[in-house]
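Please read this report beside the sequence and the model.

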Amino acid sequence: MDKYSDYSAIDFLNDDSFVSWIMKTDINAVKYWDEFIKNNPSKQEEIDGALEIFSHFRVKHEKIPVEELFSMWHNITNHSARKTRITALKMLKYAAIFVVVFLTGALSFYIFQEFNTREFTIAENAQIDSEEAQIILSNGQSVPLYQKETEIKYNPTGEKIVVNNDTITQKRTGGDADMNRVIMPFGKHSQITLSDGTKVWLNAGSQLLFPSTFTRKTREVLLIGEAFFEVIHNKEKPFIVRTEYVDVEVLGTSFDVSAYTDDKYFETVLVEGKVGIEEKKERFLSGREKIILQPNQRIVINKVDGDRKVSEVDVSVYTSWKNGMLKFESQNLDIILRKLERYYNKKIIIKDALLGGYKISGKLDLKNSIEEVLDVIQLTVPVDWGKQKEGDYFIIKTEMPM
Amino acid sequence: MQNRSVDNESLLWEEFKKGNQIGLSKIYLNNVTALYNFGCKFTIDKNLVKDCIQDIFITLIQTRSKLSDTRHVKGYLLKSLKRKIIRELVKKQKFDEIVESGDYLFEINFESLSDIGNEDDNYMRRAFEVHAALESITSRQKEALYLRFNLGLSHIEIADVLHLSSQSSRALVSRAIQKIREITQPGKKQIQNIISLFLATGNMFFNI
């Protein structure tokens, strides 16, 4: 702190950390300077001076349309592939990975654009800490969420938000930029009631972006990860869940959407009502197909090759996580372990890839510790689990008695 | 000082060097808008800028195994893009047989944002004066200011892009800020400013 005590406006503008604070490019700097200003009212004048000077140096920011970002990256990868000697098989693998990453990136890009139009700082460079559970309000203010389970409720005007037992108020800025964002890291989950009364259970490792109130023709939210929705019926305003790979449109219904960006599959399970799934084919650009889902149906779309399967399922298997249970029917061990990793925010390494192919049916109580859950798994398939030095868990094949 | 975004990017860079192209695609998405905006300051030919951006990324993929580690990915990319664009421009000029010194211009208009959400008449008057004052600064200063206050670069990174020492980058930025400070805070603290400038230059010599 002492270092800054006789800083002038000019000194502040020459300080890298101070500039990171103004431009919100570094979360640590943001925290530090917010605190600094609170504690050092005597520096207010110089800081205001610095901010004014900064404002004079700002220039108009040009954006490249998202489609163009895609086609440019497409050119980059195609071009370099032609010149470097990569086998056809490898190429195919790369191409597949790219499509996934692409969409992931584009989505966050889209979010940033939506999110920051009200501000004139360069938003694309801002990094949001997704390791910390938080709500980011429409004014950019971030409210940390400390509990493992959080309940968040927006009132109909979107100005009052109840988090567990605390109430936050926010001034509405109005318009499209009036976006809120809830971030749940791995190991935490929350239940959100939107301003229209729709309930959303947000699973671990997920993010939801939504307006304070739904002023547009459609009620649109953006989802990264998994959530269970109970949508309030409103014929005039269809509810749309946008994800990186598909859009899910609904009238009034409850369903689960699983759209983790690092998963190979997009998945939706319908409990009741009716939903339409619209695929964003060919990197958003062309050809949209709509698939209608009936209750108790599940659709799985392979994000890599576009292959999709609709099947009748026991929906409780897919929605049990919101009640702290994990149910499954002849599910592969590796998929189950992946879900556990997210829920407990722990890494589980399968030492022998073949073990991932074991199929399990049953129910796991996620209120138990991860160790207890792994013990239960151990009873059903011939595996052992252990803990590594770094706190990661591993799964190995049980030694057969000779 | 910890800088999370820098750390993240240098991690992605390392990943990419190990052969993981996802790392590069993330770097691309993080930086492409900044690169584009920066590039457009050198030429009005936007397609040229886009081509150059693609070229520098293609080069990265092709020379992956030879790349060195860098803490400042953004600075590195900006520098590469600048070099590429200027090279292309010089090539074109030769082609068109336009004889020029090879100097480049950094065209920038600091005026465009001064009307944002500010109804304060005094502020508007100052903004006008500031704009007039900025007309007279060198294109190198403009470039430094742009890198600092629009792309958020550190002094080390600015120095890298401008081929300067980081002290000179600091001095370059300070001089421009000083000029503006005199307009936004007329009369007041003049002496103090002179003292601090003196101290700043003093430090500079000291560091050399």
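Which side chain meets that of Lys3(A) in a salt bridge? Asp15(A) does, at 3.8 Å from N to O. A salt bridge here is a side-chain nitrogen of Lys or Arg within 4 Å of a carboxyl oxygen of Asp or Glu. The pair links distant parts of the chain, twelve residues apart. Lys3(A) sits in the segment before helix H1 (9-13) of chain A, and Asp15(A) in the loop between H1 and helix H2 (16-23) of chain A. Helices (H or I, at least four residues) and strands (E, at least two) are DSSP runs, numbered from the N terminus.

Lys3(A) is exposed, at 53% relative accessible area, whereas Asp15(A) is buried, at 8%. Buried means under 20% relative accessible area, exposed over 50%, and partly exposed in between (1.4 Å probe, protein chains only).

## Basis of the model

This is a predicted model, in which local features need pLDDT of at least 70, side-chain atom pairs count only at pLDDT 80 or more, and totals for chains, interfaces and linings use all residues. Residues are numbered from 1 along each chain as its sequence is written, chains are lettered from A and ligands numbered from 1 in the order in which they are written, and side-chain values use heavy atoms, with hydrogens and water left out.

Over all chains, the whole structure holds 15 salt bridges. Side chains of opposite charge can pair when their charged atoms come close. Arg148(B) and Asp16(A) form one, with their closest N and O atoms 2.7 Å apart. This pair crosses between chains, from helix H6 (residues 139-149) of chain B to helix H2 of chain A. Arg148(B) is buried, with a relative accessible area of 0%.

Within chain B, Asp69(B) forms a salt bridge with Lys17(B) at 3.0 Å between the closest N and O atoms. The partners are 52 residues apart: Asp69(B) lies in the loop between helix H3 (46-62) and helix H4 (73-95), and Lys17(B) in helix H1 (residues 4-17) of chain B. Asp69(B) is exposed at 54% relative accessible area. Lys17(B) is partly exposed at 23%. A network of salt bridges links Asp55(B), Lys84(B) and Glu88(B).

## Strands around S4 of chain A

Strand S4 (residues 160-163) of chain A has two faces. Ile161(A) and Val163(A) point to one and are buried.

S4(A) pairs with strand S3 (residues 149-154) in the antiparallel sense over three bridges. Two strands pair if DSSP finds at least two bridges between them. Lys153(A) has Val162(A) as its bridge partner. Five residues separate the strands of this hairpin, where Gly158(A) takes a positive phi near 75°. S4(A) also pairs with strand S5 (residues 166-169), again antiparallel, over four bridges. There, Ile161(A) has Ile168(A) as its bridge partner. Two residues lie between S4(A) and S5(A), and Asn164(A) in the turn has a positive phi of about 50°.

## The second largest pocket

What lines the second largest pocket? Its lining has 36 residues, with Tyr265(A), Glu267(A), Arg298(A), Gln331(A) and Ile335(A) nearest the centre. A pocket is an open set of points on a 1 Å grid over the protein atoms alone, where a 1.4 Å probe fits, with protein on both sides within 12 Å along at least five of seven lines; lining residues have an atom within 4 Å of a point. H8(A) gives the most to this lining, with seven residues.

By class, the lining has 13 nonpolar, six polar and 17 charged residues. Ala, Val, Leu, Ile, Met, Phe, Trp, Tyr, Cys and Pro count as nonpolar, Asp, Glu, Lys and Arg as charged, and the others, Gly among them, as polar.

Chain B has nine helices and zero strands. Of its 208 residues, 48% count as buried.

Most residues other than glycine have a negative phi. His163(B) has a positive phi, near 55°. His163(B) lies in the loop between helix H7 (155-162) and helix H8 (166-184) of chain B, and is exposed at 59% relative accessible area. Asn296(A) has a positive phi of about 65°. Asn296(A) is in the loop between strand S16 (288-293) and S17 of chain A, and is partly exposed at 35%.
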